[in-house]
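Thanks for coming. Please have a look at the model first.

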Amino acid sequence: MFASGNGSNVEEICRFFEQDLSVTVVAVLTNNLNAGVIQRVKQFGLKAEVFNKADFTEGGLLKKVIDLKPDLIVLAGFLWKIGNDWVNTFPNKIINIHPALLPKYGGKGMYGHHVHKAVKANGERVTGITIHYVNEAYDEGAIIFQEEVQLTDEDRVEDIAKKVHTLEHRHFPSVIDQLLKKESNEV
Ligand code: GRF
């Protein structure tokens, strides 16, 4: 799993799979030395590894991840753009969660509160989450799963963020589970 910040999704995913011996979190990777995710995964006996831009773009980290032979690479609040070397090495094996109903509110600069602010500014009555495969373009890979949540005029940006986070925590672990189990059935 890759995360750049808080890491509440990573935490929920670790908790979901804690009792499942068929699924192992082989690595938690972050580009941010101060990321909340580093503390959050300690309770699961995991040590997040911090990497820098050169590790990420010059092949060092890619090689390490190849050696781990992951069945799935999960981006959970990871803010750097995934390079083509990663996409080509792991076709249909990298997934991301986006805090809106793509293709709306996606693309460069559309992350975190920027997304919820735009949703609020447009007076949307519905927002949601999208789990999708990662390809060369930001937020444009094939959609795996979406779920909606209703909004009211009273919802502030923070309320929208909270509703979306709740949806993420509820669905992201089980979508990952389904993808992993589907893959092992196909082998
Ligand atoms: C989530 O809202 C996710 O959709 C987005 O980044 C946020 C990460 O939240 N990609 P957290 O770090 O898991 O709490």
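Predicted model: local features only at pLDDT ≥ 70, side-chain atom pairs only at ≥ 80, totals over all residues.

Let me begin with histidine 113, which is partly exposed, with a relative accessible area of 42%. Histidine 113 belongs to helix 6, residues 113–121. Between histidine 113 and proline 99 there are 9.3 Å in space, C-alpha to C-alpha, and the two are 14 residues apart in sequence.

Proline 99 takes us to the ligand. Which residues surround the ligand? They are Asn6, Gly7, Ser8, Asn9, Gly77, Ile97, His98, Pro99, His165 and Glu168. By class, this shell has seven polar residues, two nonpolar and one charged.

The side chain of glutamate 168 has an N or O atom 2.3 Å from an oxygen atom of the ligand. For asparagine 6, a side-chain N or O atom and a ligand oxygen are 3.0 Å apart. Isoleucine 97 takes part through its backbone: one of its polar backbone atoms is 3.0 Å from a nitrogen atom of the ligand. On its own the ligand has 370 Å² of accessible area, and the protein covers 86% of that.

As for where the ligand sits, the space it takes is the largest pocket. Which elements give two or more residues to the shell around the ligand? Helix 1 (8–17), strand 5 (94–98) and helix 7 (157–186) do.

Last, the backbone. Most residues other than glycine have a negative phi, and most peptide bonds are trans. Here are some departures from that.

The loop between strand 5 and helix 6 holds proline 103, and the peptide bond joining leucine 102 to proline 103 is cis, with omega about 10°. Tyrosine 105 is also in the loop between strand 5 and helix 6. Although not a glycine, tyrosine 105 has a positive phi, about 60°.

Asparagine 92 is in the loop between helix 5 (84–89) and strand 5. Its phi is positive too, about 55°, and asparagine 92 is not a glycine either.

Are these two residues, tyrosine 105 and asparagine 92, buried or exposed? Tyrosine 105 has 14% relative accessibility, so it counts as buried, the limit being under 20%. Asparagine 92 has 56%, so it counts as exposed, since exposed means over 50%.

That is what I have for today.

How values were computed. Residues numbered from 1 in each chain as written. Heavy atoms only, no water. Near = heavy atom within 4 Å. Polar contact = N/O pair within 3.5 Å; in protein donor to acceptor, adjacent residues only side chain to side chain. Areas by Shrake-Rupley, 256 points an atom, 1.4 Å probe, with all protein chains shown as cover. 1 Å grid on protein atoms, 1.4 Å probe; cavity = no way out; pocket = protein on both sides within 12 Å on 5 of 7 lines; lining within 4 Å. Sits in = over half its atoms within 2 Å of the grid points. Helix = DSSP H or I, 4+ residues; strand = E, 2+ residues; numbered from the N terminus. Nonpolar A, V, L, I, M, F, W, Y, C, P; charged D, E, K, R; others polar. Buried < 20%, exposed > 50% of the residue type's maximum accessible area, 1.4 Å probe, protein only.
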